[in-house]
Amino acid sequence: MTVETQIVHIKGIKDGLLVTIGEGDWPRAQSTLLSSIVEKASFFQGARLAMEVGNRVLHAAELGALRDRLSDQGVSLWAVISSSPVTEQTAQVLGLATRLSMPRPERSVRPLDTTLEGENGVFIRRTLRSGFRIASHGHISVMGDINPGAEVIAGGSIVVWGRVRGSVVAGADGDESAVVCALALDPTQLRIANLVANLPGKKAVSQPVCASIRNGIITVEPWKPKER
Amino acid sequence: MSATVVTVTSGKGGVGKTTTTANLAVALAAGGQKVVCIDGDIGLRNLDVILGLENRIVYDLVDVVEGRCRLKQAMIRDKRLQELYLIPAAQTRDKNAVSPSDMVRLTDDLREEFDWVLIDSPAGIERGFRNSVAPADTVLVVTNPEVSAVRDADRIIGLIESEEKGPARLILNRVNYEMVKRGDMLTSDDVLELLAVELIGIVPEDDHVIMSSNRGQPVALDPKTRAGTAFQNIARRLRGEDVPFMNLEVKEDIFQKLSRLIRPGGN
């Protein structure tokens, strides 16, 4: 089944509906989408919607407003697919999925299924507050704090220019050579590969440190550049 | 006149959002400002009780949104302060009765007539929270010096940032100075170190708050109380005044002071 208009294209997919938004300005696209939903209200009632927006840059205000207006119509927006990193980040911040194959953020990270020749990584320049979750098969660096209740899960290593107080998992795909470096380390939980760190209780290590696997246990050591 | 819309929220329940909203409203109105507060906690309304206006509710927020009455009809005027109004929440409906865009429309209608629109957000991060934050010009996050309340405040501050309503400002409520001094309570520095937002007020734990809430007479009406003064100060800071933070130390007499000096740390 296909509803065709110039700018908005709606089709049924395995788990709900996929809306593809073509070229054109955003307010027009949004009103076209909403009016086609209002027209066929009974058909859309309770629908799960994924939205493909191409390389369009959308900010939280726009995406949040659309989500709210959709939810007024009984339609839930669960995913936004975009090739724009800004839009993708917005969607993640709003708790929306950004891939169709990944139904909903889940705790475990699937093992790497591609052979990555080079190293890839993500750079996040903000403090991650409670409830935020960053997951990547590559390395993750954060410029800011990781607060309690936030989660960072990396296939590779994690470097934090700030304090770690939330949960961090390095080498989530099984890489035992992964490390976690931070300016101050007092995590809720720290894991590398399949190991869970035995944390030294309350006293935070408030100097630059590096956690790595040594002789089968996670060891936290002050960062000494000379030894490396 | 163009009002500033202030939303009071917290994430965690029971930290004092409604008390804070009521007291800021009273303090602003007592300072000659025209204030309307909106109870955003549809289904679990409380603000009317704290303000002592519960027996005067005829129409509510949902009646306005659904067109059963005019906005004016739902506004209850306070008897003590002529420039203070309340728009109560519906008790028999839930948060989905109102949408974020309804709230934006509603506050836009109020902006013309008032200096301040205060919205009392419900606990949680769902629809009720989004309804309350959608029209906000500035957001105040209330927390207590407890690990769980601070954790939730952190979450809510993140959500406010992602709704592009930040930076939020913080009210640290129910600080027990005695416990802080003994090292049994988080200090404001501990809380601020984690949350990294601007502090707009510290409210000491004060029995008068509960006593006056039960009577429907917000404590800010009585500036002789410590909590009342703290709320008055926050209202002044909201208006842009530079008010120093009050000394939370409970006054001790000379003998207590001496005994503390003789036995440092001992109790």
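Predicted model: local features only at pLDDT ≥ 70, side-chain atom pairs only at ≥ 80, totals over all residues.
**View 1. A network of salt bridges links A:Arg67, A:Asp68, B:Arg130 and B:Glu163.** B:Glu163 and A:Arg67 form a salt bridge in which the closest N and O atoms are 3.4 Å apart. This pair crosses between chains, joining the loop between α7 (147-162) and β7 (169-175) of chain B, where B:Glu163 lies, to A:Arg67 in helix α3 (residues 60-72) of chain A. B:Arg130 forms a salt bridge with A:Asp68, with 2.1 Å between the closest N and O atoms. The latter pair also crosses between chains, from helix α6 (residues 127-133) of chain B to helix α3 of chain A. A:Arg67 is buried at 12% relative accessible area, and A:Asp68 is buried at 11%, whereas B:Glu163 is partly exposed at 22%.

**View 2. B:Lys181 and B:Glu178 form a salt bridge.** The N to O distance is 3.8 Å. Because the two residues are three apart in helix α8 (residues 177-182) of chain B, about one helical turn separates B:Lys181 from B:Glu178. B:Lys181 is partly exposed, at 35% relative accessible area, as is B:Glu178, at 33%.

**View 3. B:Gln232 is located in helix α11 (residues 226-238) of chain B.** A polar atom of the B:Gln232 side chain lies 2.8 Å from the backbone oxygen of B:Ala220. Beyond neighbours within four places in sequence, B:Gln232 contacts B:Ala27, B:Ala220 and B:Pro223.

**View 4. A:Ser42 is an exposed residue in helix α2 (residues 41-44) of chain A.** The relative accessible area of A:Ser42 is 71%. A distance of 9.8 Å separates the C-alpha atoms of A:Ser42 and A:Gln73, which are 31 residues apart along the chain.

Conventions
Residues numbered from 1 in each chain as written. Chains lettered and ligands numbered in written order. Heavy atoms only, no water. Helix = DSSP H or I, 4+ residues; strand = E, 2+ residues; numbered from the N terminus. Buried < 20%, exposed > 50% of the residue type's maximum accessible area, 1.4 Å probe, protein only. Polar contact = N/O pair within 3.5 Å; in protein donor to acceptor, adjacent residues only side chain to side chain. Contact = heavy atoms within 4.5 Å. Salt bridge = Lys/Arg side-chain N within 4 Å of Asp/Glu carboxyl O.
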